[in-house]
Amino acid sequence: MVKIYTTPTCVYCKMAKDFFAKNNIKFEEHNVAEDDRAREEMIAKSHQLGVPVIDVDGEIVVGFNRPEIQRLLKI
Amino acid sequence: MLDLAIIGGGPAGVAAGVYAARKKIKTALITDAFGGQSVVSDEIQNFVGLKSVSGLALAQMMEWHLRAQEGIEIVFPDRAAKIEKTAAGFSVATESGKKIETLAVLWTAGSRRRELGGPGEAEFEGRGVAYCSTCDAPVFKGKAVAVVGGGNSGLEAAVDLFPYASRVYLVIRGEDPRGDPLTLEKIKANPNAEIIASAEILSISGDNFVSGLRYRDKKIGEEKELPVGGVFVEIGSVPNVNPVKELVEINAAGEIAVDHRTQKTSLEGIWAAGDATDVLYKQNNISMGDAVKAVLNVYDWLKRRQKS
């Protein structure tokens, strides 16, 4: 299960989503600009205030860290 | 042995790559990203030929244009770690461990954000200290936030925060912000915004997250603290010159000094273009033009070498 916490104007969020789409990875997106609960959840999980935050089966990646995401998704 | 190694994939690097490929110069381009610093820009309205384009879309178009060229080797994602003068030209060592031998180098590595450097900044990066307002402004919903820097990027960051932050302090060193009057008017008209002038930043403090920004009011010589949950640092940029700084002349601002007719640096065989150079105006359109100048000059130089 892949979750991504995003804001609408964050370019690294778009890059991450494009990357998932290109690699046929299904993901659930939470827009933290609108969804207060998702924002609190993101801060609690990542202990920081930047987007994107990507949750791969409970493993948390801050930012569009391509090598780390590839490692977690084994792609 | 290559003819040319281009270091960087921003507007200058990509423009250089396209021209070099079309001139059939044997070229490698080394970069860890495409599009340069404006990739985070929500909307670019001055890229000539496009009325409006997002930074990401522009970056993708640049990458596609470059990848459509035949005969250019794209070393991605990678960065130049060290450049050494050799008998024949230069040896470029990359961070991933590649070694590239080349006759000429075109340095287009741009610049990176300038940091405050004071106590608390590194410690609280991501935990209240932020550098990308278009990315992270919504995460600061309901919080008081300080933006440090009175140039255009500082003013724009303040405006990006208006829909979310409960209060925005624009903290500047001088007496008046230097940025565009149009953006400044928006800030002055917002009752939740306050400009704090003549401020010298002392430290950023907090516990798990940022809770305060300490500064000295230079006018009255008094130390003060702003109760903020975020500090956006927008104080300009620093040229990326490390791997070449021992080889070429660098000016007092840390930029590579170039001959503005040819983009040659002080060392034969190394050219530079874009924000890493002492070009007076840092602009996408200018970086591209300067890089084209550089490649055409490299081409002439290679031709002359073949003849002699």
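In chain B, 58% of the contacts with a separation of 6 or more are accounted for by residues 24 or more positions apart; two residues are in contact if their C-beta atoms, placed from the backbone, lie within 7 Å. The structure is a predicted model, in which local features need pLDDT of at least 70 and side-chain atom pairs count only at pLDDT 80 or more, while totals for chains, interfaces and linings use all residues. Residues are numbered from 1 along each chain as its sequence is written, and chains are lettered from A and ligands numbered from 1 in the order in which they are written.

Chain B contains 6 helices and 17 strands. Helices (H or I, at least four residues) and strands (E, at least two) are DSSP runs, numbered from the N terminus. Along the principal axes, the C-alpha atoms of chain B fill a box of roughly 70 × 40 × 35 Å. Of the 308 residues of chain B, 46% count as buried. A residue is buried if 20 or more other C-beta atoms lie within 10 Å of its own, exposed if 12 or fewer, and partly exposed in between, with C-beta atoms placed from the backbone.

Chain A has 3 helices and 4 strands, and from the N terminus on its elements run β-α-β-α-β-β-α. For 75 residues a compact globule would have a radius of gyration near 11 Å, and the 11 Å of chain A agrees. The C-alpha atoms of chain A fill a box of roughly 30 × 20 × 15 Å, taken along the principal axes. Of the 75 residues of chain A, 32% count as buried. Among contacts in chain A between residues at least 6 apart in sequence, those joining residues at least 24 apart make up 52%.

Strand 1 (residues 2–6) of chain A pairs with two strands. Strands pair if DSSP finds at least two bridges between them. To strand 3 (residues 53–56) of chain A, strand 1 of chain A is joined antiparallel by 4 bridges, and Tyr5(A) stands opposite Val53(A). With strand 2 (residues 28–31) of chain A, strand 1 of chain A pairs in the parallel sense over 4 bridges; here Tyr5(A) stands opposite His30(A).

Between the chains, 14 residues of chain A are in contact with 18 residues of chain B. Helix 1 (residues 11–22) of chain A gives the most to the side of chain A that touches chain B, with 3 residues. That side of chain A divides into 8 nonpolar, 4 polar and 2 charged residues. Ala, Val, Leu, Ile, Met, Phe, Trp, Tyr, Cys and Pro count as nonpolar, Asp, Glu, Lys and Arg as charged, and the others, Gly among them, as polar.

Within chain B, helix 1 (residues 11–22) and helix 6 (residues 284–307) pack at an angle of about 35 degrees, with their axes 8 Å apart. Axes are lines fitted to C-alpha atoms, for helices over the stretch in contact, and angles run from 0 to 180 degrees between N-to-C directions. By class, the contact of helix 1 of chain B with helix 6 of chain B has 12 nonpolar, 3 polar and 1 charged residues. Gln69(B), in the loop between helix 2 (55–67) and strand 3 (72–75) of chain B, touches Gly17(B), Val18(B) and Ala21(B), not counting residues up to four places away in sequence. Gln69(B) counts as partly exposed because it has 17 C-beta neighbours inside 10 Å.

Both faces of strand 15 (residues 230–233) of chain B are covered: Gly230(B) and Phe232(B) on one side and Val231(B) and Val233(B) on the other are all buried. Strand 15 of chain B pairs in the parallel sense with strand 8 (residues 129–130) of chain B over 2 bridges, where Val129(B) stands opposite Val231(B). Strand 9 (residues 144–148) of chain B also runs parallel to strand 15 of chain B, joined by 4 bridges, and Val231(B) is the bridge partner of Ala146(B).

Technical notes: The radius of gyration is taken over C-alpha atoms; the globule rule is 2.2 Å times the number of residues to the power 0.38.
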